[in-house]
Amino acid sequence: MLPSLYVRNLPDKLPKDDLKRNLYMLFATYGVILDVVALKTPKMRGQAHIVYRDLDTSTQAMRALQGFTFFGKDMVRPTISHQRQC
């Protein structure tokens, strides 16, 4: 299982590629990112999973980005979840 951060309350007006790119640039500051999963389906809009290589970096990013404002919206506190490894 790979550690990932689940974030929500993201701006849904940004194109998906721009959203993923900007999330990658923000979260890569804290460690190696394997994937950024951001879907534009009605159920997943405004949410994303940032998949890290290890738990320590995902924990560091989670703590550092609590209350962070991303494109004018306050991200709801990132939480750690686990992604299945393919």
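Predicted model: local features only at pLDDT ≥ 70, side-chain atom pairs only at ≥ 80, totals over all residues.

Biologist: Which way do S1 and strand S3 run, and how many bridges join them?

Modeller: Helices (H or I, at least four residues) and strands (E, at least two) are DSSP runs, numbered from the N terminus. Two strands pair if DSSP finds at least two bridges between them. Here S1 and S3 (residues 47-52) run antiparallel and are joined by five bridges.

Biologist: Is strand S1 enclosed or open?

Modeller: Buried means under 20% relative accessible area, exposed over 50%, and partly exposed in between, with a 1.4 Å probe and protein chains only. Strand S1 (residues 2-8) is largely enclosed by the rest of the structure, because five of its seven residues are buried. Leu2 belongs to this strand and counts as buried, at 15% relative accessibility.

Biologist: What does the side chain of Gln47 join in a polar contact?

Modeller: A polar contact is a pair of N or O atoms within 3.5 Å; within protein, one must be able to donate a hydrogen and the other to accept it, and residues adjacent in sequence count only if both atoms are side-chain atoms. The side chains of Gln47 and Tyr6 form such a contact at 2.4 Å. A polar atom of the Gln47 side chain also lies 2.9 Å from the backbone oxygen of Lys43. Gln47 itself is buried, at 14% relative accessibility.

Biologist: Which residue caps the N-terminal end of H2?

Modeller: The cap is Asp54, with a side-chain oxygen 3.2 Å from the backbone nitrogen of Asp56. Within helix H2 (residues 55-64), the buried residues include Thr57, Ala61 and Met62.

Biologist: How many aromatic pairs are counted?

Modeller: Rings of Phe, Tyr and Trp (its six-membered ring) pair if their centres lie within 6.5 Å; planes under 30 degrees apart count as stacked, over 60 as edge-to-face and the rest as tilted. The count is one aromatic pair. The ring centres of Phe70 and Phe71 are 5.0 Å apart and their planes stand at 75 degrees, so the pair is edge-to-face. Phe70 is buried at 4% relative accessibility, whereas Phe71 is partly exposed at 47%.

How values were computed
Residues numbered from 1 in each chain as written. Heavy atoms only, no water.
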